[in-house]
Amino acid sequence: MPRPTGRVLTLLELLQSGGTRTVAELADRLGVEGRTVRRYVGQLIDLDVPVESVRGRYGGYRLAPGYRLPPLMLSDDEALAVLLGLLAGRRSGLTAAQHTANETASAKIRRVLPKHIARRLDTLLESLAFTEQPGEPGTPDAGVLLTIADAVRHRRPVSIRYTDRDGRRSERTLHAYGIVAHAGRWYATGKDARIGEDRTFRLDRIADARTLPGSFEAPVGPGPAQRVLSALATAAYRHEVTLRIHGTVEQIRAHLPAAIACLEEHEPAAGQGRATERWLRVELRAERLDWLPPVLASLDRPFVIERPAELRDLVTALADRLASCARRA
């Protein structure tokens, strides 16, 4: 039979799972009577755990936001999920916490793990490998992230201090439509009020964010994620490439995703759909062209290079090298 202290901790765990729990439900889960549940709730309140009573037909008890984090109870599976989430977030760059905060949070959880779970976790980490090395750090400031998220939710303008990729600093007023995580980075997309045009901003390049008075209406049309992908695909680079590829939308997108290339989809003729092979125009921008010939070869679809001529030369050179290798005994 569990001791009263164990039942109190179990009660806390049930309340931490969220929502309002009725007295009858809690009594059934704890194997006690209703008045005992009320006594356990009183003990949690004495420990400064913010438990509040909810009246009415569907009333009961729930945890209220407190001035400090109550004792956090995690099952073995939950602790493992949190630790793996911290590790994966750090490796992918999609963590809103600085490196030190990520490490200290992981250390605190590992310190209280039962020994057998800690050993199993160490075994997992020793056998775990990632296919990609972590890229350039791009962690946004947590205050900036939360301020812009609040501005998105309440449609409030926000003043930001931004440094672009050339190192130029400026102050902008942003009407943020949304926040998007893509390829290890965080982006905010919205209207730059100074120039009246939509822009995409890397959150790790924003040094300060401050909510301004007023409000704005979000435009209809593509969602924030699609806006970011389109902005990345049309960003100014050294080379502008135009292709015509014969295939389906899915075949082309498997090798040239929306973040890399814009695909001009004409309205299919009667009886055709996205799965119908036809000539489609593809436009993209790139600083270098040497990665494109292997991609076009892997497409295994007929294609025409409209521009630039330099890409034609690179494709021809790749074809010659492949043919030369194939003829070798």
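Helix 11 covers residues 309-327, 19 residues in all, and reaches 28 Å from its first C-alpha to its last. That is close to the 27 Å expected at 1.5 Å a residue, where the expected span is 1.5 Å times one less than the number of residues. Helices (H or I, at least four residues) and strands (E, at least two) are DSSP runs, numbered from the N terminus.

A word on the source: this is a predicted model, in which local features need pLDDT of at least 70 and side-chain atom pairs count only at pLDDT 80 or more, while totals for chains, interfaces and linings use all residues. Residues are numbered from 1 along each chain as its sequence is written, and side-chain values use heavy atoms, leaving out hydrogens and water.

Back to helix 11. Its buried residues are L311, V315 and L318; buried means under 20% relative accessible area, exposed over 50%, and partly exposed in between, with a 1.4 Å probe and protein chains only. An α-helix has 3.6 residues a turn, so residues three or four places apart point the same way. The face turned away from the buried side carries the exposed residues D313, R321 and R327. Strand 8 (239-247), helix 10 (292-299) and strand 11 (303-307) are among what covers the buried residues of helix 11.

Next, the aromatic rings. How many aromatic pairs does a search of the whole structure find? There are 2, counting rings of Phe, Tyr and Trp (its six-membered ring) with centres within 6.5 Å; planes under 30 degrees apart are stacked, over 60 edge-to-face, and the rest tilted. Y162 and F201 have ring centres 4.9 Å apart and planes at 85°, so this pair is edge-to-face. The pair links distant parts of the chain, with Y162 in strand 3 and F201 in strand 6, 39 residues apart. Y162 is buried at 7% relative accessible area, and F201 is buried at 2%.

Y177 and F216 make a tilted pair, 6.5 Å centre to centre with 55° between the planes. Y177 is in strand 4, and F216 is in the loop between strand 7 and helix 8. Both are buried.

Last, L212 is also in the loop between strand 7 and helix 8. L212 is buried, at 16%. L212 and V158 are 54 residues apart in sequence but 5.3 Å apart in space, C-alpha to C-alpha.

Notes:
Contact = heavy atoms within 4.5 Å.
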